[in-house]
Amino acid sequence: MLTLTSLCAGYGPITALEDVSLTARRGEITAVLGANGAGKTTLLRTVSGLHRARSGAIDFDGTRLETVAAERMPRLGLAHVPEGRGVITELTVEENLRLGGLGRGGRVSSADLSRVNDLFPVLGDRRAALASTLSGGERQMLVIGRALMARPTMLLLDEPSLGLAPRIVAQIFGLVRTLVREDGLSVLLVEQNARSALSVADHGVVLNLGRVVADAPADELAGDDQLRHAYLGF
Ligand SMILES: Nc1ncnc2c1ncn2[C@@H]1O[C@H](COP(=O)(O)OP(=O)(O)OP(=O)(O)O)[C@@H](O)[C@H]1O
Ligand SMILES: [Mg+2]
């Protein structure tokens, strides 16, 4: 379980997160929703140690993360998939996947590769292809697959749906659901695409200008017309 308590973060004079408290429960998908600039990416980067909080607490299964270095996070079971689908285009699909195992320090097992290829058959089919030849949706699968190679217990996903066709988004979210159901993974899913995110999430938190304005079960948020119109854009 990941618990943020009164988290504040920013950049120089800019406040990006103001007194943010939320919980992402084990074995659930927790969606963090909000418009451009709401603070979603800052929240994920602060959890994974890429950005430092000004104040507040981050607790992951009993470990305080505020001062933990980013490179130690994989060993604690946290995997961050940043926005932008950064694959290494000069390497093959399988080489990109294997890199994901390094963060944990362990050797990459063929079982880990098989598990990822079972989940995303297209990655197995294209294993020897250069990552530069993948479509946007395939790249998104590759960066998620690469994160899974470190055998995380919690996945931090930043805008996986951005710029993808609805059919591909549904496919990727469906696979995330499968991971939660079959592997007991916990997911913190950051999305501007609130409608799709709420259709797959258990719980949702809405950020506006760095503050939490709603925190409720996903179906409750999706059914709140006023909230949807004011903050979620659907
Ligand atoms: N490196 C940075 N330097 C200065 N300001 C930043 C930096 N990164 C983000 N910000 C500011 O912090 C605020 C929150 O940005 P953040 O990227 O966390 O939002 P977001 O919700 O992820 O937005 P988007 O949906 O566009 O990805 C914004 O006002 C943004 O301009
Ligand atoms: Mg962002």
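I'm working with a predicted model, where local features need pLDDT of at least 70, side-chain atom pairs count only at pLDDT 80 or more, and totals for chains, interfaces and linings use all residues. Residues are numbered from 1 along each chain as its sequence is written, and side-chain values use heavy atoms, with hydrogens and water left out.

**Whole-structure search.** I looked for salt bridges (a side-chain nitrogen of Lys or Arg within 4 Å of a carboxyl oxygen of Asp or Glu) and got twelve.

**Arg-127 and Glu-94.** I found this salt bridge at 3.8 Å, N to O. Arg-127 sits in the loop between α5 (121-125) and α6 (136-148) and Glu-94 in helix α3 (residues 93-102), so the pair ties together parts 33 residues apart in sequence. Helices here are DSSP runs (H or I, at least four residues), numbered from the N terminus. I then checked accessibility (buried is under 20% relative accessible area, exposed over 50%, partly exposed in between; 1.4 Å probe, protein chains only). Arg-127 is partly exposed at 43%, and Glu-94 is partly exposed at 22%.

**Arg-115 and Asp-183.** I got 2.8 Å, N to O, for this salt bridge. It links helix α4 (residues 110-119) to helix α7 (residues 166-183), with the partners 68 residues apart. Arg-115 is partly exposed at 27%, as is Asp-183 at 44%.

**Arg-126 and Glu-138.** The closest N and O atoms of this salt bridge are 3.5 Å apart. Arg-126 is in the loop between α5 and α6, and Glu-138 is in helix α6, twelve residues apart. Arg-126 is partly exposed at 25%, whereas Glu-138 is buried at 18%.

**Network.** I also noted that salt bridges with shared partners join Glu-94, Arg-98 and Arg-127 into one network.

Terms used:
Chains lettered and ligands numbered in written order. Helix = DSSP H or I, 4+ residues; strand = E, 2+ residues; numbered from the N terminus.
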